[in-house]
Amino acid sequence: MDPSPQTLVVATVSFVAYMVLLVVRVVRNRLDFNDFILLSAVCAVPAVFLYFPGFSAHVSRLAGVSYPFLLLFGAVIVAAYLFAMRIAIRLNELKQRTARLTQELALLRVELDAAQKGSDRR
Amino acid sequence: MRLLIGIPCHNEGGSIEKVLAELRSCGVPHDTLVVDDGSKDDTARRARPLSKVAVLSINLGIGGAVQTAIRYAHRHDYDLFVQLDGDGQHPPDQVRVLLDQYLRAPASILVGSRFCDVQSFRSTRLRRIGITVISSALRALYGIEVRDPTSGFRLFDRKAIAFFHDAYPQDFPEPISIGVAHRAGLTYREVAVTMRERQAGASSIYGFKNLKYMVRVLGYLALYRMRASA
């Protein structure tokens, strides 16, 4: 079943607004480019299903899925999961780096205290 | 032989002065480094007149605190490193026992064990059950026999210092470090020592946390075993 003109208009406006939001954040360096690609999938996958209903029906048949929208939700969930996994990996790296920096800072302070004590005695 | 005694502390303001004072009369030439692991009390202030103090600006946990001390030992070229708790559980006079045992029969890691000496304080019954479970897991996963795998009273030689300064387990370091060290070819030995109940403060592992701790330790032991094989 082809989408109605009203659906196409509302969806297009939403997609464009969402992509503009993402692009602005990438340009302002508040979003990583790789994250931008993953987050774009949240918009790109439904767009393919909406603008190319024949193609999405064909893909659904190949995948053995009765209703194309199930494939749509599945693809979006996978994209969201990949994004969440990326964040978890990055958080772990940051945690390790923070621990290392905290240790280095503490040891530097010990050296500084020792140096200051040494110069006070002189 | 240059010895560094590393004392990781978290809110041990009530006992650290006594521990450091006792260490002064333990009869073993040494340097000390107290690692204040993000304490909310006055641990660092009380320790400063008696020892060098490394203050971690955030709480990293026992693994992070001990690694800080090992890093210091590595950087300053110490021959031996002894880890000793700041809560008074490890009588400072037992440092001499570890050192004598090391000189008699060297190993990369000497673990001060509560379970080789009937006179020692051996912790609560629940914890002893947990320790038995962890020992069994170490035997099954790493092929090693350790009666007191959670003991935080241990001696590292140069080889162990070099091994751990950059890669000390951050989570549940006591049991995991022995397993990992063994897989890397380091030797270890258990030595009978006498321990006490903690002199002040409160344990961070209590009640239901004991069970949660147990499950997580077993999970991490399995994880590190997989990493060692990879």
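Q: Which residue is the bridge partner of Cys9(B) in S2(B)?
A: Asp36(B) is the bridge partner. One caution before going on: this is a predicted model.

Q: What packs on the sheet there, touching S1 and S2 of chain B?
A: H1(B) does, and its direction makes about 170° with that of S1(B).

Q: What unit do S1(B), H1(B) and S2(B) make?
A: A right-handed β-α-β unit. The helix in it, H1(B), covers residues 16–24.

Q: How do S1(B) and S2(B) pair, and over how many bridges?
A: In the parallel sense, over six bridges. S1(B) here is residues 3–9.

Q: Which residues stand opposite each other in that pair?
A: Gly6(B) stands opposite Leu33(B) in S2(B). Pro8(B) stands opposite Val35(B). Then there is Cys9(B), with Asp36(B) as its bridge partner.

Q: What about Asp36(B) towards S3(B)?
A: Its bridge partner in S3(B) is Val55(B). S2(B) and S3(B), residues 52–56, pair in the parallel sense over five bridges.

Q: How many residues of S2(B) are buried?
A: Six of the seven, so the strand is largely enclosed by the rest of the structure. S2(B) spans residues 31–37.

Q: And S1(B), how many there?
A: Seven of the seven are buried, so S1(B) is also largely enclosed by the rest of the structure.

Q: Which way do the S1(B) residues point?
A: Leu3(B), Ile5(B), Ile7(B) and Cys9(B) point one way. Leu4(B), Gly6(B) and Pro8(B) point the other way. Both sets are buried.

Q: How does S1(B) pair with S4(B)?
A: In the parallel sense, over four bridges. One pairing to look at is Ile5(B), whose bridge partner in S4(B) is Val82(B).

Q: Zoom out. What is the strand order of the sheet?
A: It runs S3-S2-S1-S4-S6-S5-S7 in chain B. The sheet is open, has seven strands and shows mixed pairing.

Q: Which are the edge strands?
A: S3 and S7 of chain B, each pairing on one side only. S7 is residues 188–192.

Q: How much twist from one strand to the next?
A: The average is 20°.

Q: Where does H4(B) lie?
A: Across S1, S4, S5, S6 and S7 of chain B. H4(B) runs at about 135° to S7(B). In that set, S5 is residues 109–113 and S6 is residues 154–156.

Q: Now the loops. Where does Asp87(B) lie?
A: In the loop between S4 and H4 of chain B, with H4 covering residues 94–104.

Q: Is Asp87(B) buried or exposed?
A: Buried, because its relative accessible area is 3%, and the cut-off for buried is under 20%.

Q: What does its side chain reach?
A: The side chain of Asp87(B) reaches the backbone nitrogen of Gln89(B), at 2.9 Å.

Q: What is the phi of Asp77(B)?
A: Positive, at about 60°, although Asp77(B) is not a glycine. Asp77(B) is found in the loop between H3 (61–75) and S4 (80–83) of chain B. It is partly exposed, with a relative accessible area of 44%.

Q: Over to chain A. What is the phi of Asn29(A)?
A: Near 65°, which is a positive value in a residue other than glycine.

Q: Where does Asn29(A) lie, and is it buried or exposed?
A: Asn29(A) lies in the loop between H1 (5–27) and H2 (33–51) of chain A. It counts as exposed, at 67% relative accessibility.

Q: Last topic, the interface. How many residues of each chain are in contact?
A: 14 residues of chain A are in contact with 19 residues of chain B.

Q: What area is buried between chain A and chain B?
A: About 1,300 Å². Carbon and sulfur atoms give 53% of that area.

Q: Which three residues of chain A supply more than any other three?
A: Gln103(A), Leu107(A) and Val110(A). They supply 40% of the area that chain A buries against chain B.

Terms used
Residues numbered from 1 in each chain as written. Chains lettered and ligands numbered in written order. Predicted model: local features only at pLDDT ≥ 70, side-chain atom pairs only at ≥ 80, totals over all residues. Heavy atoms only, no water. Buried < 20%, exposed > 50% of the residue type's maximum accessible area, 1.4 Å probe, protein only. Helix = DSSP H or I, 4+ residues; strand = E, 2+ residues; numbered from the N terminus. Pairing = 2+ DSSP bridges. Right-handed = clockwise from strand over helix to strand, strands pointing away. Polar contact = N/O pair within 3.5 Å; in protein donor to acceptor, adjacent residues only side chain to side chain. Axes fitted to C-alpha atoms, helices over the stretch in contact; angles between N-to-C directions. Contact = heavy atoms within 4.5 Å. Buried area = accessible area lost by both parts, 1.4 Å probe.
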